[in-house]
Amino acid sequence: MTSTNILLLIGGYFLLLILISYFTGKNDSNEDFFKAGNQSPWYLVAFGMIGASLSGVTFISVPGWVADSQFSYMQVVFGYLVGYFVIAYILMPIYYRFNVTSIYEYLAQRFGVVSYKVGAISFFISRVLGASFRLFLVAIVLQQFVFDDLGIRFEVTVTLSILLIWVYTFRGGIKTIVWTDTLQTLFMLLSVGFSIYFINQKLDWSLSEFLASDELAEYNKILFTDDFFDKNYFIKSFLGGMFITICMTGLDQDMMQKNLTCRSLKDAQKNMVSFSLVLVVVNFAFLLLGALLFIYSNKFDVAMPLMDGTPKSDLLFPEIALNSGLDMIVAITFMLGLIAAAYSSADSALTSLTTSFCVDFLGIEKKPQNIQKKIRKRTHIGMSLLLIIVVIAFKYILDRNVIDGLLTVATYTYGPLLGLFAFGILTKYQVRDKYVWIVALISVASIVLMANIPVETFGGYQVGYELLPINGLLTFFGLWLIRQRKTI
């Protein structure tokens, strides 16, 4: 598939998104931008959230992770499932009861302004880094397989990508995102399905033969229960996955903003439960695809692609889909899936960052009506520029598998949110609000130090995603120390 063909495909895809934006953004009101008028059908939100949750990280990085970690990622996914039920039946009722636009408004009502700002800042940092991780991954694929051939620099690729996102989100916001996410999820799932089918065909396997093959058996170990010191040990992965979901979905304005557009709490809960069950199956399909990619590359001597002279497993899927002689439909659906994966998370991240900054930091609802829309649009431009800067910076500092990097960042930045919400929900105490930022800072600093202690210090114990609940626990303990006798 030539660079010109890929560019035409990208152009056609964005024309479709802009067309959707035209019809969904006609109102151009802040109410529609932030909450879609609370009229989104729950099943539409559920289907679209699959794509937003998977993103480019799952689409590219999870299959590339299989060689090193086999199917251990499913342990994290099982934890995700439990986390989604916690969100549906503990967190969502709170958000609907308080009728919030930004979910961090709950912290203002529960504890005070400082707690509110700490929660909003934690989200802001987390989402900027998370969205940038996801967009970076897709940008390097487009760069390597399209724009390098055209002599276009990486910085230009990133700027154009985010500019296109801005074009179709600046009017409709979350109302547009609900519909575009649905389309993007469809493209992603079609891409995975076609890739599995045609790679099996190339290997002269049926799906059942692949599932029963000795080659798959080399990759498909799911449960790791032998060595508690191992980073992938089941309990650590499961609990880490559960808390990552609670934080990265339930305490994340990006993901919850879509749920808050549903017509009622009951609809939002149906959306969350159905979406979580489907997501387990979809993640397993991505791991199967990963195993197929490595089996295929071994059989046909497909070399691991290099990035800056270093082998990069994240690039194996695009290398096989675009350059290994598979059917053209694999290349086409791969590119559609890749683009969809990138923009289904990046567009909603841009919208949620705009929402959070407007509501949590600028207090847009307290501003005169005649300037609220102007504030929102200027903020939207500012958030776009911020994402461009961070994504470009990642090219020069990132040195690990992207999904591993994303989950590691989450253990640092979401811990204070976890502690604050847990303390608010599980206790009736107030806190000395002016000291909350100190508690959060000490907690994050402690986790950073703990994560960088040499494994020999703990007798070979490898610290994993359990750092996130530990971070939350440290924040909870700190809040307990500054609690007040006054209760709610």
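## Surface patch, aromatic pairs and buried contacts

On the surface, Phe85, Tyr89, Ile90, Leu277, Ile425 and Leu426 come together as a nonpolar patch with about 580 Å² of accessible area in total. Helix H4 (73-98) and helix H18 (415-426) are the elements that give two or more residues to this patch, and H4 gives the most, with 3 residues. Patches are built from residues with over 30% relative accessible area and no salt bridge, joining like charges within 9 Å and nonpolar side chains (Val, Leu, Ile, Met, Phe, Trp, Tyr) within 5 Å. A salt bridge here is a side-chain nitrogen of Lys or Arg within 4 Å of a carboxyl oxygen of Asp or Glu. Areas follow the Shrake-Rupley method with a 1.4 Å probe, and for residues only the protein chains shown count as cover. Helices (H or I, at least four residues) and strands (E, at least two) are DSSP runs numbered from the N terminus.

A word on the model itself: it is predicted, so local features need pLDDT of at least 70 and side-chain atom pairs count only at pLDDT 80 or more, while totals for chains, interfaces and linings use all residues. Residues are numbered from 1 along each chain as its sequence is written, and side-chain values use heavy atoms, with hydrogens and water left out.

Now to the rings. Rings of Phe, Tyr and Trp (its six-membered ring) pair if their centres lie within 6.5 Å; planes under 30 degrees apart count as stacked, over 60 as edge-to-face and the rest as tilted. This rule gives 24 aromatic pairs. In one of them, the rings of phenylalanine 136 and phenylalanine 154 have centres 6.2 Å apart and planes at 75°, so the pair is edge-to-face. Phenylalanine 136 belongs to helix H6 (residues 113-147) and phenylalanine 154 to helix H7 (residues 154-169), so the pair ties together parts that are 18 residues apart in sequence. Another pair, phenylalanine 357 with phenylalanine 361, has ring centres 5.4 Å apart and planes at 40°, so it is tilted. Both of these residues lie in helix H15 (residues 328-361), 4 residues apart, about one turn of the helix. Elsewhere, ring pairs link Tyr95, Phe98, Tyr104, Tyr106, Phe123 and Phe421 into a cluster.

The table lists burial for several residues, where buried means under 20% relative accessible area, exposed over 50%, and partly exposed in between (1.4 Å probe, protein chains only).

| Residue | Relative accessible area | Class |
|---|---|---|
| Isoleucine 90 | 42% | partly exposed |
| Phenylalanine 136 | 1% | buried |
| Alanine 139 | 4% | buried |
| Phenylalanine 154 | 4% | buried |
| Phenylalanine 357 | 26% | partly exposed |
| Phenylalanine 361 | 28% | partly exposed |
| Asparagine 471 | 0% | buried |

Alanine 139 also lies in helix H6. Leaving aside residues up to four places away in sequence, alanine 139 touches Phe154, Thr157 and Val158, where contact means heavy atoms within 4.5 Å. The C-alpha atoms of alanine 139 and threonine 157 are separated by 6.7 Å, although the two residues are 18 apart along the chain.

Asparagine 471 sits in helix H20 (residues 467-481).

Finally, helix H13 (residues 265-299) has 35 residues and reaches 51 Å from its first C-alpha to its last, close to the 51 Å expected at 1.5 Å a residue. That expected span is 1.5 Å times one less than the number of residues. After H13 comes aspartate 301, whose phi is positive, near 55°.
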